[in-house]
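Please keep the sequence and the structure in view while reading.

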Amino acid sequence: MSEYVLSIIIPHYNTPKLLDKMLSSIPKRNDIQVIVVDDNSDLCGRELSELKAKYGNIEMYTSPYSTHSTGLCRNVGIERACGRWIMFGDADDYYVEGWLEKIEPFFDSDYDLLYFLPTSVDLETGKCGTRHEMYVGKMQEYLHNPCKESELVLRYDVASVCLKMHSSRLIKEECIRFEENLAEDTLFSVECGIKAKRIACLGETIYCITQHSGSKTCTVSKELYDQRVKVKIRKCGMLHRVLPAKDLPCVGLENAGLQILYTAFADGMGFRKVFEYGKLLKKENVPIINRRFCNPFMLVRKLFSSMHNRFTRRIR
């Protein structure tokens with residue numbers, strides 16, 4: 001039987017200095033397995049060797065895949081994880097001081113997922129960032145009012161895998177794995193949310209998300225936008241298959257098909273792409289307009305919201 005209670009999986013690509021900060025935030029303990037999977041970084045082999053020597057308790061692997069993919073690196077880590085629990089960290093983020101003592105009481109629990117609060121910091125200014133806010137709002141709603149509606153949001157609308165502790169049993173027995181795409185967290189999180197029997201949310205800040213100009217979440221290219229839309233369509237299909245119609249509004253899916261198509265058009269993706277998304281929605285059995293929830297005032301509000309986003313979101 002494994003002596004590890006927790007395995008932490010960290011994909012890495014070309015940020016050894018930030019990886020050093022992440023590793024320094026993890027206490028050295030014999031019952032914690034730290035797995036770093038390098039995504040074939042350029043010209044930082046020496047720095048990684050130095051980090052391995054500095055933190056003697058870490059396991060370091062290189063991704064065998066030729067394409068750069070955070071998700072595939074995490075899969076490599078999952079195959080080598082021996083702990084009863086699995087956490088995922090990003091190499092440019094870190095855990096806050098005292099985080100381990102806050103989650104340790106849950107190590108012997110029978111939960112499948114433990115959610116916890118994040119914070120964020122802007123690396124360029126050192127000031128508090130904003131990337132954590134959308135997650136904190138959803139978690140605080142569940143903590144203050146743990147009803148069915150807030151639980152659905154927690155299960156299916158908190159996409160970041162870095163903000164939860166996963167039962168190893170859940171991931172391995174259900175064969176849940178990441179995909180290669182650039183929005184790799186979303187489908188993995190939805191599948192975990194569907195298959196998890198018991199979940200909990202800890203009202204303590206555990207994880208710090210960093211933001212900077214080079215982050216994938218700050219620059220939206222057409223390729224990334226396209227992949228995110230396709231992932232969202234697949235997410236809609238997954239949830240349409242498992243949720244009763246009355247629960248769809250809880251996770252904002254009552255008219256998701258129409259919203260996806262209009263937003264893509266408003267964001268300048270063109271008729272050809274919009275038509276492609278329409279075919280994908282049909283393939284996933286996601287209606288473009290759900291007559292049960294066809295509230296004209298709500299539709300107009302969402303259309304205006306997407307028009308506003310067109311001017312605030314940069315797609316290149």
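**Strands, helices and their packing**

Four bridges, given as 4 by the calculation, join β1 to strand β4 (residues 85-88), and the two run parallel. Strands and helices here are DSSP runs, numbered from the N terminus, with at least two residues (E) for a strand and at least four (H or I) for a helix. This is a predicted model, in which local features need pLDDT of at least 70 and side-chain atom pairs count only at pLDDT 80 or more, while totals for chains, interfaces and linings use all residues. Residues are numbered from 1 along each chain as its sequence is written, and side-chain values use heavy atoms, with hydrogens and water left out.

Q: Which residue of β4 stands opposite Ile9?
A: Strands β1 and β4 run parallel and are joined by 4 bridges; two strands pair if DSSP finds at least two bridges between them. Within this pair, the residue opposite Ile9 is Phe88.

Q: How many bridges join β1 to β2?
A: The chain passes from β1 through helix α1 (residues 16-24) to β2 in a right-handed β-α-β crossover. Right-handed means that, with the strands pointing away from the viewer, the path from the first strand over the helix to the second runs clockwise. Leu6 stands opposite Ile32 in β2. The two strands run parallel, and the number of bridges joining them is 7.

Q: How many of the residues of strand β1 (residues 6-12) are buried?
A: Buried means under 20% relative accessible area, exposed over 50%, and partly exposed in between (1.4 Å probe, protein chains only). On one side of β1, Leu6, Ile8, Ile10 and His12 are buried, and on the other Ser7, Ile9 and Pro11 are buried. The number of buried residues in β1 is therefore 7 of 7.

Q: Is Val36 buried or exposed?
A: Val36 belongs to strand β2 (residues 32-38). Leaving aside neighbours within four places in sequence, Val36 is in contact (heavy atoms within 4.5 Å) with residues including Ile10, Leu19 and Ile58. Because its relative accessibility is 0%, Val36 counts as buried.

Q: Which strands stand at the edges of the sheet?
A: The 8 strands form an open sheet of mixed pairing, in the order β3-β2-β1-β4-β7-β6-β8-β5. Each edge strand has a single partner, so one side of each is left without a neighbour in the sheet. The edge strands are β3 (58-62) and β5 (94-95).

Q: In which sense do strand β6 (residues 113-122) and strand β7 (residues 164-167) pair?
A: Strands of a sheet pair through backbone hydrogen bonds, either parallel or antiparallel. Tyr115 stands opposite Lys164 in β7. Over 3 bridges, the sense in which β6 and β7 pair is antiparallel.

Q: How are α9 and α10 oriented to each other?
A: Helix α9 (residues 222-242) and α10 pack with their axes 11 Å apart, at an angle of about 170°. Axes are lines fitted to C-alpha atoms, for helices over the stretch in contact, and angles run from 0 to 180 degrees between N-to-C directions. Angles under 35 degrees count as roughly parallel, over 145 as roughly antiparallel, 65 to 115 as roughly perpendicular and the rest as oblique. The two helices are therefore roughly antiparallel.

Q: Which residues of α10 make the contact with α9?
A: From α9, the contact involves Tyr225, Val229, Lys232, Ile233 and Cys236. From α10, the residues are Ala256, Ile260, Thr263 and Ala264.
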